[in-house]
Amino acid sequence: MSSVDKQLDTLKAEIEEELPREITISDVKYEGPELVVYTREPKEFARNGDLVRKLASKLRKRITVRPDPEVLSDPREARERVLDVVPEDAGVTDLDFHADTGEVVIEAEKPGMVIGRHGSTLREITQQVGWTPEVVRTPPIESATVSNVRNFLKQEREERRNILERIGRQIHRQEFSDDEWVRITTLGCCREVGRASFILSTPETRILVDCGDKPGSEDEVPYLQVPEALGAGANSLDAVVLTHAHLDHSAFIPLLFKYGYDGPIYCTEPTRDLMGLLTLDYLDVAAKEGRTPPYESGMVREAIKHCIPLEYGDVTDVAPDVKLTLHNAGHILGSAVSHFHIGDGLYNVCFSGDIHYKDTRLFNGAVNDFPRVETLVLESTYGGRNDYQTDQEDSERKLVEVINDAYDDDGKVLIPAFAVGRSQEVMLVLEEAIRTGKIPEMPVHLDGMIWEATAIHTTYPEYLRDDLRDRIFHEDENPFLAEQFNHIDAGEDERQEVTDGGPAIILSTSGMVTGGPIMSWLRHLGPDPDSTLAFVGYQAQGTLGRRIQNGWDEIPMNDRGDRGRSNTLSLRMNVETVDGFSGHADRQGLENFVKTMNPRPEKVLCVHGDERSVQDLSSSLYHDYNMRTFAPRNLETFRFK
């Protein structure tokens, strides 16, 4: 008998000791980080509301209780009784029964009403029908991505259970080493922006944190070939943690499965969906530009199938000697500061990912309150000595001025924007400005993936700022459904209509002008001196966006779908940069994140910034707070403890 089987037998015995005599346990399994308990008396479990919480506290495990398949009631009868229990105002749109796990997935417009106060309605459902309810939100705006991900996971449910059981056994395996050390190896994003990737390793475990591309570069990928990464084989990794879905952190996650990785990806639920959206678009853009994609769409599906979604604040075992907790990073939807607790109090490492310290219109500011942190790996995108962004109100005021000036000239405003995050932030500013008369009524056209990304935002309002979440819950107040927003879905013909029409605002991907529909808009509007190109996000070195910011007015156009047209464009439209809309903390925000950390770390590795930025921030933190700081290069290894 394996050590895991012995452990499960011991846990089953401990659980049975804690249960009333009328409740029996038929099986106990690990599924990923969770302990799944099967019982023939699910209704009794539900009547004892605190029982699961007490077991979880005693065993220090995340516990899910499921009914033994042999005692399940008929789904047709159960459906009627579930609908009788759930308030009609919850807006249930679908019920899906899964006999293999005894779960009923309830999709509803208002999941909170299905859950009830402290889970009271969920317990009543189980008391009535025996099935274990799982609740998901019906998207207020229909999302093809969310629908496709849910349907795919439904189809792959049996295989996914097998994957989770295997992962669970791996997580809870016996520890073999008595050594105590922690190492971080940098595989990318050091003294550069993009291709974020790190290996966190202990004698027992190796975890990959992020695996992204480098904006503006096709060839510079993370150093996955080194022994610390995939050099020892992809399955030498125990886990992957994805801080957020932007491609400079996620683009090469599916590539791991091409190389044979078959383990878990830990991230938030919106990060999982957005990763699917952005990586599939990444493949599509590569094909349109005549490049050979590094992996196929099947690898994206494999990545999604292996995702284990975590909620902010949940402490989760991801290896025998590592616990992971994700916290809000304030950067984009679902972005996470990743806190690793290693060993039995041995060491704590925190990866910031990308952070925004202050509240924005979209998100609450990044969390920096942890039980312990010895080492912080900190992004430094705006870490330079003079990298102070404009105040949010001033930024919004300037954007309004830029739009009004273009309107007065009968021109248009073209805003390159990341589909995820900056687009929705700007949409909120524009919706309010038009509603309050700060700018005239005019259409706001959304091109590329912006509308789909917006739909995903409305699917997960619990990840948004509190007041925005409340507005989304009321359909007539949902700012993303304002009538001025128009989704461009007819391609070139619709773009030509917009070009020939009156004043308008266009939000288009890509945010750094590295491809996608923004290139078509430059062809349409670039020669128009009455129109304005307004940058609202970070433009990395080497990107066309940065070159235009620096004054280039002869623009190389490498879009291979141009049907033989000129590869150079004379840019005559006005160019404006509106600081303050970035999803990254500026220099002051980064310093404040460290200054107010509780507790403050002993060491800081400054990463994800150009050479000047990381060195400036590293030097400042050292002098101001008397902590050891580093500005590492790629392929360096740091040993702690």
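**Exercise 1. How much of the accessible surface of the protein belongs to carbon and sulfur atoms?**

Solution. Start with the ground rules. This is a predicted model: local features need pLDDT of at least 70, side-chain atom pairs need pLDDT 80 or more, and totals for chains, interfaces and linings use all residues. Residues are numbered from 1 along each chain as its sequence is written, and side-chain values use heavy atoms, without hydrogens or water.

Now the area. Accessible areas come from the Shrake-Rupley method with a 1.4 Å probe; for residues, only the protein chains shown count as cover. The total is about 26500 Å². Carbon and sulfur atoms hold 42% of that.

**Exercise 2. State what share of the residues is buried.**

Solution. Buried means under 20% relative accessible area (1.4 Å probe, protein chains only). Of 641 residues, 58% pass.

**Exercise 3. Describe the contacts by sequence separation.**

**Exercise 4. Explain the disulfide count.**

Solution. A disulfide is a pair of cysteine sulfur atoms within 2.5 Å. The whole structure has zero.

Step one: check cysteine 267. Its closest cysteine sulfur, in cysteine 307, is 4.1 Å away, so the gap is too far for a bond. Cysteine 267 is buried, at 0% relative accessible area.

Step two: check cysteine 350. Its closest cysteine sulfur is 13 Å away, in cysteine 606, therefore too far for a bond. Cysteine 350 is also buried, at 0% relative accessibility.

Technical notes: Buried means under 20% relative accessible area, exposed over 50%, partly exposed in between (1.4 Å probe, protein chains only).
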